[in-house]
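Here is a short briefing to read alongside the model. Please have the sequence and the 3D view open as you go.

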Amino acid sequence: MTTPPLVSPFGGQPPPPQQQQQQAQAARDVNTASLCRIGQETVQDIVLRTMEIFQLLRNMQLPNGVTYHPQTHQDRLGKLQEHLRMLSVLFRKLRLVYDKCNENCAGLDSIPPEQLIPFVEDDSSKHEDRSAGQSRSTAEERREILEVNKKLKQKNQQLKQIMDQLRNLIWEINSMLAVRS
């Protein structure tokens, strides 16, 4: 069984040149988020290659009176040069991605980071429309809550002392009963 041939929306003829240009432009315009992902992968590749270069350098022996094998040295040197060449290619790729991202983001309005980060102590920006009476009652409620929490901590401390005293008393009673028996 064969599949029917695909029919172009233009009646089997190639799309008009204007649509071909739009498709080519869309292929050239890559999403900035995708570019950032590509850049991240490129940085990971750079780190990996750099680690491999250091591994090769660590495994190379210095000619300090040890038997010297020119063929092994040439192989390692070739690998090292290949890694360095690939590293320079990756850096060029990263530069292209960086430039393209900057080009795509050039038209965006830069917003200071201080405006993007909500601060905890900045309650006034959220509740500017409240009246002064409401803010006073809120402040009073907070003060009351703090006082109650302080009293609660004091009571908890007193209960802890009482429990420690009871534990010591029970321990003394048990030790006295153990001595008598």
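The buried residues of helix H2 pack against helix H3 (70-105), where contact means heavy atoms within 4.5 Å. This is a predicted model, in which local features need pLDDT of at least 70, side-chain atom pairs count only at pLDDT 80 or more, and totals for chains, interfaces and linings use all residues. Residues are numbered from 1 along each chain as its sequence is written, and side-chain values use heavy atoms, with hydrogens and water left out.

**Helix H2**
- Leu35, Gly39, Thr42, Ile46, Ile53 and Leu56 are the buried residues of H2; buried means under 20% relative accessible area, exposed over 50%, and partly exposed in between (1.4 Å probe, protein chains only).
- H2 covers residues 32-59, and its end C-alpha atoms lie 40 Å apart, in agreement with the 40 Å that its 28 residues should span at 1.5 Å a residue.
- That expected span is 1.5 Å times one less than the number of residues.
- Helices are DSSP runs (H or I, at least four residues), numbered from the N terminus.

**Cysteines**
- The count of disulfides is zero, a disulfide being a pair of cysteine sulfur atoms within 2.5 Å.
- Cys101 is in no disulfide, and the nearest cysteine sulfur, that of Cys36, is 4.0 Å away.
- Cys101 counts as buried at 12% relative accessibility, whereas Cys105 is partly exposed at 35%.
- The sulfur of Cys105 is too far for a bond because the closest cysteine sulfur, in Cys101, is 6.2 Å away.

**Helix H5**
- Leu169 sits in helix H5 (residues 132-180) and is partly exposed, with a relative accessible area of 45%.

How values were computed: Helix = DSSP H or I, 4+ residues; strand = E, 2+ residues; numbered from the N terminus.
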